[in-house]
Amino acid sequence: MSAITVSTTVNGDAVDFICQPDESLLDALRGRLGLTGAKEGCGTGDCGACSVTVNGRLVCSCLMLAAEAEGAEIGTVEGIAKGNALHPLQQSFLDHAGLQCGVCTPGILVAAKALLDRNPDPTDEEVRYWLAGNLCRCTGYDKIIRAVQSAAAQMRSA
Amino acid sequence: MALDSHGKREFKQIGTRVARPDGIDKVTGRALYGADMSAPGMLVGRILRSPHAHARILRIDTSEAEAIPGVKAVVTGADFSIPDDAALADISVNVMARTKALYDGHAVAAVAATSAQAAKAALKAIKVEYEVLPHVTDVDAAMAPDAPVVQKGRSLESVPAGMGANVTHHCEFGHGDLEAGFARADKIVERSFKTAATHQGYIEPHACLATMNGDGRADLWCCTQGQYMVRTVCAGVLGIEASQLRVTASEIGGGFGGKTTVFIEPVALMLAKKSGKPVKIVMTRDEVFKATGPTVSTSIDVKIGMTKAGRITAGAATLRYSGGAFPNTTVDMGAQAAFAAYDLDAVRTVGWNILTNRPKESAYRAPGAPQAIYAVESVVDELCLALNLDPLDVRILNAARKGTKSSYGPTFDDIGLLATLEAAKAHPHYNTPLKPGQSRGVSCGFWFNFGGNTCVSLNINTDGTVGVTEGNPDIGGSRASISLMAAEELGVPYDKVRTIIADTASLGYNDVTDGSRVTFAVGLATIKAARDAIKKMCGRVAKIWGIDEDAVEWRDGAAHPAGPNAGKFPPMTLEEIAAISFETGGPIAGHYEVNADGAGVSFGVHLCDLEVDKETGQTTILRYTVFQDAGKAVHPDYVEGQMQGGAVQGIGWALNEEYIYGADGRLLNAGFLDYRIPVASDLPKIDTQILEIPNPGHPYGVRGVGETGIVPPLAAVSNAVSRAIDVRMHELPMSPPRVLKAIKAARG
Ligand code: FES
Ligand code: FES
């Protein structure tokens with residue numbers, strides 16, 4: 001198998017990398033680009049720890065081939081804050097203890113941001129269904145839902 | 001200095017919801033977990049696993065694998081030594097099979113290669129010749145005298161003669177005259193229960209990065225609940241000295257007990273040794289399910305007698321636990337915990353451990369307790385229904401309290417069970433009428449809590465800030481709690497304190513993060529280390545003032561003269577003392593080392609409202625409230641978080657989670673798709689109420705809070721389901737097909 005060159009934009013910056021034809025986008029982000037924020041919890045699309053956006057769409061990067069990212073705009077957890085200024089979701093997760101071990105947090109933040117970008121005023125049920133693809137084993141989700149709703153309220157009033 | 005008068009102590013910082021020190025790293029993706037570390041030139045390690053539940057390994061031919069370009073090392077069981085210590089020896093054999101593969105997924109060989117592709121090809125090229133043996137995966141079947149023998153000669157002396165070869169352990173607890181107790185009962189209920197093995201289900205798979213130099217010095221980075229435990233085990237299995245192996249704990253993506261042992265670490269070290277290169281191993285989720293965790297599977301009989309008024313006259317239980325292919329004594333904890341919530345004149349529990357062809361059990365949150373208490377609380381509920389009694393009233397009537405001789409021996413000191421039950425009774429949740437089709441379940445829960453070996457250093461920096469060095473991986477906010485306790489004791493603001501977790505070369509031994517011990521024991525050691533530093537600072541000030549050390553006291557972050565006789569001196573703050581420490585005797589640090597006891601038992605009560613779809617068997621949880629005694633909640637956010645997280649793991653156990661084995665002994669559901677843990681849309685809010693009944697064994701009254709929360713949901717949910725469908729459920733999980741079957745069977 002010969003390597004493939006891929007040109008993309010990651011968190012707003014142009015990035016080129018080479019990858020194997022069977023390499024997942026998650027492996028390329030983590031292994032080739034050193035962006036280890038996205039995690040591999042399962043590798044089969046069942047946990048959401050690897051969530052990123054591709055051209056604005058929420059995807060499991062473990063299920064997408066890196067080569068498919070040619071020309072795409074990729075967003076990862078590393079791109080959510082602007083420098084040292086945290087996004088309201090990030091601050092809200094800290095304020096509401098929306099994380100314990102934190103390994104699910106990158107994926108949940110990416111997914112929650114994708115939700116609020118589409119629907120700035122979701123119901124609790126909408127948040128719970130949107131995040132149903134993101135497993136968290138530590139929190140029981142209660143504080144995660146509160147954190148998302150608090151950030152949403154803050155963003156609406158901003 | 002203030003005595004340990006926690007009952008009256010006014011806290012300034014304990015109990016506040018401060019920002020956690022690792023928070024920003026964790027919301028920005030910067031925090032480094034097990035799989036996030038790399039080293040120049042590192043190789044990819046992969047493990048080959050047995051496809052058979054039970055098989056003799058006749059021959060392993062690795063020559064073809066070794067010839068594949070990019071493959072730098074191959075190891076098998078022959079490369080590892082078996083330590084003398086029986087527990088270490090079992091870990092060694094579990095890490096890499098020797099003569100037999102004992103379960104589907106048991107490691108048989110491993111490779112290290114320059115790429116994932118080459119490693120994968122190498123695994124395929126290893127030829128293992130197996131002689132497949134008969135297997136057994138069910139605990140009751142394994143106990144039979146004619147069952148396939150998993151491992152010979154492993155029975156402890158506690159096992160009476162004549163038991164099957166798979167029975168390795170036997171225990172008994174209790175007191176009083178059972179027969180007389182049952183004779184006094186107006187109603188006796190006797191039932192049998194089964195609970196499936198469940199996995200801890202941490203989202204981060206096991207991962208490590210190992211290097212070993214030609215001179216024998218080794219470094220290991222890994223996600224673990226205890227870096228010192230990893231060092232002990234790896235040094236034992238590899239036959240190296242502890243000082244030569246430095247283990248650094250990464251940030252940890254959940255453990256729940258499942259990361260209190262090792263699986264891949266000795267393999268990575270051995271591959272690193274053979275190849276002369278750093279080796280990283282990251283487990284796949286499939287490997288996590290097949291070869292790590294899970295908890296025990298159980299089969300339990302319970303018999304309880306009760307008077308018409310609701311007083312329990314006698315309780316008895318027989319527990320059969322299997323922790324897979326290796327001996328363990330988890331059943332001891334189940335047998336001790338089963339009736340812990342009750343004040344009983346006559347109680348007896350008997351436990352057995354039985355080997356099966358399943359993975360080696362790892363601790364899972366309150367190991368052994370949820371299953372036993374589920375069975376007992378189910379029978380108590382059935383008695384309440386039969387005698388038309390309120391389930392909380394009955395528990396209040398029978399509740400263990402201060403002075404109760406517990407069902408497992410010790411007499412309880414101050415405990416929070418009664419207060420917790422009364423809080424539940426008074427709560428709006430319990431007093432909200434149920435709508436048609438809804439039902440409510442109640443259960444108590446209990447955990448012993450641990451203390452253990454702990455070592456803390458506390459450095460007073462010259463700018464008046466404080467560094468705490470501790471040795472327990474932070475699994476859910478413990479660095480914040482430890483910093484809070486140091487800040488409280490020293491009288492400095494929280495944000496002047498930074499707590500870090502040391503590698504094994506930088507601090508003395510610490511037991512693993514388990515048994516809900518960290519906030520208790522590391523907290524205790526931190527407070528004592530702070531007191532040690534305070535004593536030294538007071539000594540420095542005494543010298544400056546030219547008075548006796550005893551004439552200086554510490555208050556609000558400063559040294560003061562201890563009374564009018566001590567002389568008149570303006571107080572010296574920690575910052576001032578620190579700034580001139582080089583002139584008064586050098587750097588200032590406090591230390592404390594302890595094997596802590598006095599952890600203080602923990603009780604909780606859960607209320608669960610739900611409804612069951614009688615057409616599909618699907619259960620929907622509508623409302624859930626957790627009441628738990630925290631002794632003193634150091635950081636209430638993370639106490640609530642433990643209560644909520646434990647409750648939801650228990651709900652998953654009650655409703656969905658189980659290890660499913662096929663007739664061939666292979667695990668059928670080794671992935672998150674088929675092993676279904678609760679997701680956000682499955683659940684309602686989880687409400688919490690923290691009770692604070694101070695633990696006499698801790699300077700601030702702290703009790704561990706991590707484990708208890710997983711105990712009550714099993715029976716709280718089962719009792720509610722049983723009431724909803726009017727059929728007593730006896731088996732977990734209550735997956736829709738199982739509930740449907742129960743409904744149909746009752747209809748006849
Ligand atoms: S790692 Fe991609 S969904 Fe789990
Ligand atoms: S915080 Fe640990 S998995 Fe979500």
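A:K143 and B:E640 form a salt bridge whose closest N and O atoms lie 2.6 Å apart; the term denotes a side-chain nitrogen of Lys or Arg within 4 Å of a carboxyl oxygen of Asp or Glu. The model is predicted, with local features requiring pLDDT of at least 70 and side-chain atom pairs pLDDT 80 or more, while totals for chains, interfaces and linings use all residues. Residues are numbered from 1 along each chain as its sequence is written, chains are lettered from A in the order in which they are written, and side-chain values use heavy atoms, without hydrogens and water.

**Interface of chain A and chain B**
- Four salt bridges are found across this interface.
- The contact (heavy atoms within 4.5 Å) draws 47 residues from chain A and 52 residues from chain B.
- About 3,800 Å² is buried between the two chains, 56% of it from carbon and sulfur atoms; buried area is the accessible area (1.4 Å probe) lost by two parts on being put together, summed over both.
- A:Q100, A:R128 and A:R137 supply 22% of the area that chain A buries against chain B, more than any other three residues.

**Sheet in chain B**
- Strand 7 of chain B runs antiparallel to strand 15 (residues 347-354) of chain B, joined by eight bridges.
- B:H175 stands opposite B:V347 in strand 15 of chain B.

Technical notes
Two strands pair if DSSP finds at least two bridges between them. Helices (H or I, at least four residues) and strands (E, at least two) are DSSP runs, numbered from the N terminus.
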